[in-house]
Amino acid sequence: MKNIILSIAFFLSTVILFSNCSPVGSTDKAQVAKDTVKKAPAKAVDTVVAAPITYPPLDKHLYDSLMRRLAHGDTTGRWPVKNAPYPLPGAILPFKRVVAYYGNLYAKKMGILGELPPNEMLAKLKGEVKNWEKADPQTPVQPALHYIAVVASGNAGKDGKYRNRMPFKQIDSVLKLAKKAHAIVFLDIQVALSNIHAEVPLLEKYWMMPNVHFGMDPEFSMKDGSKPGKKIGTFDAADINYVSTYLSGIVRKYNLPPKILIVHRFTKKMVTNYKNIKLHPEIQLVMDMDGWGEPDLKTGTYRNFIYPEPVQFTGFKLFYKNDLKKAPHHMLTPTEVLKYKPYPIYIQYQ
């Protein structure tokens, strides 16, 4: 009987944490954005790749000491991850903590990035940066805009893939906003019934930019053909390895600093065969604790799905509204998040 009760409790927790990263089937403009990369302008001023920057050599001693600090006193041997390659010069992690605003400019319900007017949104992001700097003065903060460039949809579309690709013009507007805030940019992909191999190369002109990084969302990777939003999707290590290998090639070809690769996760099955994930000097891989809920539930998710399956770095997602839905109606503060082991080095607000 005790085992049955525990199983039911775990199932309910998973349901509660089924994150609404994008309200699939909503009536927001994102659902009717029919522009694809084929319709985008051939040239755009903001997508011109700047001349390569020469970065100073990596300080390996400092890097090692910061990685040990991120482990936050872990004594199990999991953290820091063993045998991970040193990154190329110009790496952001672990020298800075990334604090990102997530969303889509077409949809107010998909995150803070699109919910507020641009200047108000950037001012609020600046305030969160200061909060994290105060909570952890030893770690500088790098602001970021995390934009959903391929959005899972409730509508099948002409090709039946249940996803909408955002037009280049919209992505360029995010780059302009990021420049104002001295922020880096993440482009996030929700493949739905498409696949990561088909979607990633279509954005190559953005991956060529040193300030543009990558996010992939297993929640909306529907390998069994289900409609997105009906159940939680999945990515395998092979999918993650495809992306990291592809981006590694871009980094080498264009002499770029390492790309940060964010993989969202809040259940075990969202990422399979994690031990087969390959690390590269060109890529800094973050397993980001997604999912909304009360503090205790989020703590359990981090402890059960992020901490015990180390890859390289960890992240943590906070929801301005959804984290307040259940008692104690409280969104975790930076100081509270910094109690976790290991320390999350990527923070995302939705």
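Predicted model: local features only at pLDDT ≥ 70, side-chain atom pairs only at ≥ 80, totals over all residues.

**Salt bridges**

I searched the whole structure and got 13 salt bridges. I went through a few of them.

R69 with D136: I get 2.8 Å between the closest N and O atoms. R69 sits in helix α2 (residues 60-70) and D136 in the loop between α4 and β2, so this pair ties together parts 67 residues apart in sequence.

R165 with E199: the N to O distance comes out at 2.9 Å. R165 belongs to strand β3 (residues 163-165) and E199 to helix α6 (residues 196-199), so parts 34 residues apart in sequence are tied together. Both R165 and E199 are buried. I then asked which residues join them in a network, and found D159, R163, R165 and E199 linked by salt bridges.

E282 with R252: here the closest N and O atoms are 3.4 Å apart. The pair links distant parts of the chain, with E282 in the loop between β8 (271-272) and β9 (283-289) and R252 in helix α8 (residues 237-254), 30 residues apart. E282 is buried at 9% relative accessible area, while R252 is exposed at 54%.

**Helix α4**

Next I looked at α4, residues 118-135. At 1.5 Å a residue, its 18 residues should span 26 Å, and I find the end C-alpha atoms 26 Å apart, which agrees.

Which residues of α4 are buried? My list reads M121, L122, L125, E128, V129 and W132. Seen down the helix axis, the buried residues of α4 fall within an arc of 115°, so they line one face. On the face of α4 turned away from the buried side I noted the exposed residues N119, K126 and K134.

I also looked up what covers the buried residues of α4; the cover includes β1 (97-103), α3 (112-115), β2 (141-152), α5 (168-180), α10 (334-337) and β11 (346-349).

I picked I196 and skipped its neighbours within four places in sequence; its contacts are then I189, V191, P201, F214, M216, F235, D239, Y242 and V243.

Key:
Residues numbered from 1 in each chain as written. Heavy atoms only, no water. Contact = heavy atoms within 4.5 Å. Helix = DSSP H or I, 4+ residues; strand = E, 2+ residues; numbered from the N terminus. Expected span 1.5 Å × (residues − 1). Buried < 20%, exposed > 50% of the residue type's maximum accessible area, 1.4 Å probe, protein only. Arc of directions from axis to C-beta. Salt bridge = Lys/Arg side-chain N within 4 Å of Asp/Glu carboxyl O.
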